[in-house]
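Subject: Structure handover

Hello,

The structure is placed below for your use. My notes on a pocket and on the nonpolar cores follow it.

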Amino acid sequence: MVTSSAAAPPRVVVVTGVSRFLGARVAARLAADPRIERVIGLDPNEPPAGLAGLLDDVELIRADARAASGAIADLGAEAMVHLAVTSAPDPHAGGRAAMKEQNVIGTMQLIAAAQAAPKLRKLVIRSSTAAYGASFKDPAVFTEETEPRAVPRGSFARDILDIEGYVRGFRRRRPGVDATVLRFAPFLSSTADTTLTRYFSQPLVPTVWGRDARLQFVHVDDALEILHRSVIEDHPGTFNVAGAGVLSLSQAVRRAGRISVPLLEGTLSSVAAVARTVGIGQIGLDQIDLFVHGRVVDTTRLVREFGFTPRTTAEAFEDFMQGHRAGSTLTADRLAAAEQAILDGIRRVRAAAEQTADTAVGGDRS
């Protein structure tokens with residue numbers, strides 16, 4: 001049975017995080033819906049040139065949640081879509097401290113603003129399947145009711161748990177507002193630019209020795225459809241959003257036409273800086289745990305309640321590859337440069353380990 005509202009869609013919608021890929025596209029899609037009168041984009045940063053053209057019909061407010069919280073009620077917002085959640089720290093923008101400020105403190109301020117907005121009747125929150133963590137204790141498939149079996153090591157997963165905790169409190173205080181939490185699997189598409197798309201775009205892909213994690217993805221276009229429906233229809237609750245089926249990490253690497261470089265788990269954790277050297281970006285504990293243990297979620301509730309079935313994980317990955325065919329050729333120069341970077345990183349780790357061992361031995365002798 002599909003749950004959809006007989007009530008009219010909200011007339012005024014506030015979207016956070018519009019200076020980024022997902023937020024800009026969600027805001028533009030809502031602004032193009034004739035049933036919605038106003039879409040206000042809330043972001044402290046100016047949208048880059050590549051996204052600015054999408055936001056012609058969006059009213060932009062350059063402010064963070066703290067500065068804008070007092071104005072949200074004045075805007076007459078009937079729906080809020082919170083997408084200003086970042087999955088990896090940016091060392092050039094404050095690192096982990098700035099990430100937590102945005103994810104945790106920013107969400108807390110948005111929730112406070114939502115509680116004070118008298119006309120609000122919908123709150124849509126971007127969450128992640130990282131909420132389940134990743135450990136050897138995990139079940140084969142997570143449902144929305146499954147609790148994490150271990151405290152996640154990664155900062156993003158811990159932020160997600162805090163964010164969802166704020167939403168649970170909001171639901172108790174404002175039971176008349178439909179609160180929708182969407183736990184997205186990692187995004188993929190031919191145009192998406194994320195940590196994982198950069199990871200699979202490299203000629204050499206670091207993997208974990210002796211592990212072959214089961215992975216799920218969601219196509220960006222399907223994520224946009226779910227977000228749109230969450231605003232114009234009534235779908236309160238928490239939903240897993242992923243493509244059906246799984247790909248093992250080894251299958252994904254082969255389909256991408258890349259070469260796997262198996263590393264010990266501890267080594268991979270220690271040479272995260274190498275990922276930046278070869279252009280993968282920020283690989284943190286969240287991604288490493290995912291590559292070790294994998295994660296598969298059940299989407300029965302999503303399909304039933306939304307009446308929409310995302311394309312499969314394999315189809316999402318194939319679309320990603322269509323947009324990266326040109327980068328799949330392993331030229332000798334690219335292969336040599338990436339291989340040298342990884343080998344240099346491993347040597348640095350070994351040297352550091354040997355130095356630590358020598359120090360410990362010297363301390364014992366003294």
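The second largest pocket holds about 270 Å³ of space. A pocket here is an open set of points on a 1 Å grid over the protein atoms alone, where a 1.4 Å probe fits, with protein on both sides within 12 Å along at least five of seven lines; lining residues have an atom within 4 Å of a point. The volume is the space filled by probe spheres set on the points, which are joined across faces, edges and corners.

This is a predicted model: local features need pLDDT of at least 70, side-chain atom pairs count only at pLDDT 80 or more, and totals for chains, interfaces and linings use all residues. Residues are numbered from 1 along each chain as its sequence is written, and side-chain values use heavy atoms, without hydrogens and water.

Of the 15 residues lining that pocket, E144, E147, E164, R168 and R183 are the closest to its centre. Helix 5 (155-173) and strand 6 (178-184) each give two or more residues to the lining, and helix 5 has the largest share, 5 residues. Helices (H or I, at least four residues) and strands (E, at least two) are DSSP runs numbered from the N terminus.

The largest nonpolar core has 39 residues. Such a core is a set of buried (under 20% relative accessible area, 1.4 Å probe, protein chains only) Ala, Val, Leu, Ile, Met, Phe, Trp, Tyr and Cys residues joined through side-chain atoms within 4.5 Å. Helix 7 (220-232) gives this core its largest share, 7 residues. Apart from it lies another core, of 30 residues, including I72 and F170.

Regards

Notes: Buried < 20%, exposed > 50% of the residue type's maximum accessible area, 1.4 Å probe, protein only.
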